[in-house]
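Please consider the following structure as a whole before turning to its parts.

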Amino acid sequence: MNALDLKSLAPTAGSRTLMVVSPHLDDAVISCGATIWTAVRQGWAVVVATVCTEAADDEGDGAAALFNGADGDVHRGMAERRREDRAALAGLGCTPVHLGYADDSFRPLRPEQRKDDYGRFVDPSRPLDVGLCQDIACALTLLMDAVSPTLVLAPLAVGDHIDHRRTAAAVGLVRIAGLRIGWFEDLPYALDSSEGSDSRRPRGASRLRIELTSESLSRKSRAIQTYSSQARFLHSGNHDAWFERLETHSEEIGGGEPSEVIWIL
Ligand SMILES: [Zn+2]
């Protein structure tokens, strides 16, 4: 397993554009923040396109306020999350794009579901909603036409979160000749996954390791902390212990060397 030199993917300076497609406002940074920083340092222009960035008019029977609300105000809550995203990505030297979809918490609950039931978001048997995936794929196609990325990174959907599965499916529906696609493992979901992210990689994809440096780790840590509205969901305020788990995982997936891994076709 060799450490990835991102330059090898686009040898000519000025031609390196990386687009990371993030389901929610924080996934790209938590999952591959060090890769983003490494790419920026190597001269890549990096765009992080986040799918679920807006509140819907229908507030999902109270679930949306629980997961996105600022004192129950979902519009203010999502505006705060977008502000956090702009600040976090500015700290990593990359450009945010917010695609404007509402996340799954805005969907109406079925009668048997409780609004605080997190399990429905990570139920792998739930249907994706093909129309929504096609809609997201159209938005991504238009963005990719404008940005002309050298490489697009999509989530593997480790953990089966429905918004991550929809995002992965939408990227899979994009049809642009010559487009190079890779995948990142979804963190923190991969910390609790028993299957291992390698088992999810698309057939034939190469495993590329991005070695973490103290600088890229500290940039990533700072960026993650910028999403302060999400702290209660990520680590209940105990950032240091949680970040140690991330670091331990990075050593495991890197075969002893702290790393992030992407899989590229
Ligand atoms: Zn997410």
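A residue is termed buried if 20 or more other C-beta atoms lie within 10 Å of its own, exposed if 12 or fewer do, and partly exposed in between, with C-beta atoms placed from the backbone. By this criterion, buried residues make up 43% of the 265 residues in the chain. The model is a predicted one, in which local features need pLDDT of at least 70 and side-chain atom pairs count only at pLDDT 80 or more, while totals for chains, interfaces and linings use all residues. Residues are numbered from 1 along each chain as its sequence is written.

The radius of gyration, taken over C-alpha atoms, may be set against a globule rule of 2.2 Å times the number of residues to the power 0.38. For 265 residues a compact globule would have a value near 18 Å, and the chain, at 18 Å, agrees with this. Along the principal axes, the C-alpha atoms fill a box of roughly 55 × 45 × 35 Å. Two residues are in contact if their C-beta atoms, placed from the backbone, lie within 7 Å. Of the contacts in the chain with a separation of 6 or more, 81% are between residues 24 or more positions apart.

The secondary structure comprises eight helices and seven strands, where helices (H or I, at least four residues) and strands (E, at least two) are DSSP runs numbered from the N terminus. Two packed helices are described by the angle between their axes and the distance between the axes. Axes are lines fitted to C-alpha atoms, for helices over the stretch in contact, and angles run from 0 to 180 degrees between N-to-C directions.

Helix α3 (residues 74-91) and helix α6 (residues 214-226) have axes that come within 8 Å and cross at roughly 170°. These two helices are therefore roughly antiparallel, a term for angles over 145 degrees; those under 35 count as roughly parallel, 65 to 115 as roughly perpendicular and the rest as oblique. Glu84, Ala87, Ala88 and Gly91 of α3 meet Arg219, Arg222, Ala223 and Thr226 of α6.

Helix α1 (residues 27-41) also packs with α6, at an angle of about 135° and with the axes 9 Å apart; α1 and α6 are therefore oblique to each other.

Finally, Ser193 lies in the loop between β5 (181-184) and β6 (206-211). Ser193 counts as partly exposed because it has 18 C-beta neighbours inside 10 Å.
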